[in-house]
Amino acid sequence: MASVKDAVEEIIEESYLLGLSEAEIREDFRRFIDTCYAVIEANVKNREAISGLAEDLAREKTCILIADHSDEEAAFDEAGGKIKEAQEAFAEKVARRKRMILKAIADYDPQLVRLIDEQRFQGEIKEVVRPKFKLKQSYNWEHHRELLLKLGYGTTVVLIMLLIYLGFIQNP
């Protein structure tokens with residue numbers, strides 16, 4: 001089951017890489033290695049393990065980033081028996097290397113792979129501006145406010161008139 005999952009993840013990674021140019025694939029792989037370094041440095045406390053994993057990452061980075069594809073115009077696909085373009089072969093190779101690196105890190109601590117994936121696929125967070133909707137039609141309080149003010153003014157006028165009347169009654 002794990003090998004099928006690994007194969008599917010490798011195919012997904014490869015299909016993503018096929019949409020990139022060779023320089024972009026190299027840059028993506030460099031970012032992947034840098035992300036792995038950062039997560040390992042931040043989460044592994046055993047210096048021996050860090051140096052071992054860092055050495056493996058450096059070796060993988062060197063293998064891919066220094067590889068010269070000028071003489072490799074086409075690669076033979078063993079499974080299908082057909083010729084692949086150099087870009088396809090390179091994308092497949094990088095995808096396989098990424099899965100091998102993640103598998104080696106998972107052998108040390110599977111939690112690190114989850115952290116690496118979170119950091120890799122995080123992307124730029126953009127603030128979403130949501131429109132303000134009123135879910136429920138609120139009651140029109142403006143009308144009631146005006147009525148209450150009219151009632152207050154009327155009460156005040158009546159009270160003033162009452163005070164004037166009481167003032168006249170007391171002075172005979």
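Let us start with Thr35, whose place is in helix H2. Please keep in mind throughout that the model before you is a predicted one.

Is Thr35 buried or exposed? Its relative accessibility is 14%, and because buried means under 20%, Thr35 counts as buried. Which residues does Thr35 touch, leaving aside those up to four places away in sequence? They are Ile116, Gln119 and Arg120.

Helix H2 covers residues 22-43, and helix H5 covers residues 110-120. The axes of H2 and H5 lie 9 Å apart, and the two helices pack at an angle of about 130°. H2 and H5 are therefore oblique to each other. The crossing in which H2 passes H5 is right-handed. On the H2 side, the contact is made by Phe32, Thr35, Cys36, Val39 and Asn43. On the H5 side, the contributors are Leu112, Leu115, Ile116, Gln119 and Arg120.

I turn now to another neighbour of H5. Helix H4, residues 86-108, packs with H5 at an angle of about 135°, and their axes are 6 Å apart. That angle makes H4 oblique to H5. From H4, the residues Lys98, Leu102, Ile105, Ala106 and Tyr108 take part. They meet Pro110, Leu112, Val113, Ile116, Asp117 and Arg120 in H5. The residues of the contact of H4 with H5 divide into eight nonpolar, no polar and three charged.

Finally, let us consider the protein as a whole. How many helices and strands does the protein have? There are six helices and two strands. Read from the N terminus, the order of elements is α-α-α-β-β-α-α-α. The protein has 172 residues, of which 24% count as buried; Thr35, as we saw, counts as buried. The protein exposes about 13,200 Å², with carbon and sulfur atoms supplying 59% of that area. Lastly, consider contacts between residues at least 6 apart in sequence: 68% of these join residues at least 24 apart.

Thank you for your attention.

How values were computed. Residues numbered from 1 in each chain as written. Predicted model: local features only at pLDDT ≥ 70, side-chain atom pairs only at ≥ 80, totals over all residues. Heavy atoms only, no water. Axes fitted to C-alpha atoms, helices over the stretch in contact; angles between N-to-C directions. Helix = DSSP H or I, 4+ residues; strand = E, 2+ residues; numbered from the N terminus. Parallel < 35°, antiparallel > 145°, perpendicular 65-115°, else oblique. Left-handed = near helix turned anticlockwise from the far one by under 90°. Contact = heavy atoms within 4.5 Å. Buried < 20%, exposed > 50% of the residue type's maximum accessible area, 1.4 Å probe, protein only. Areas by Shrake-Rupley, 256 points an atom, 1.4 Å probe, with all protein chains shown as cover. Nonpolar A, V, L, I, M, F, W, Y, C, P; charged D, E, K, R; others polar.
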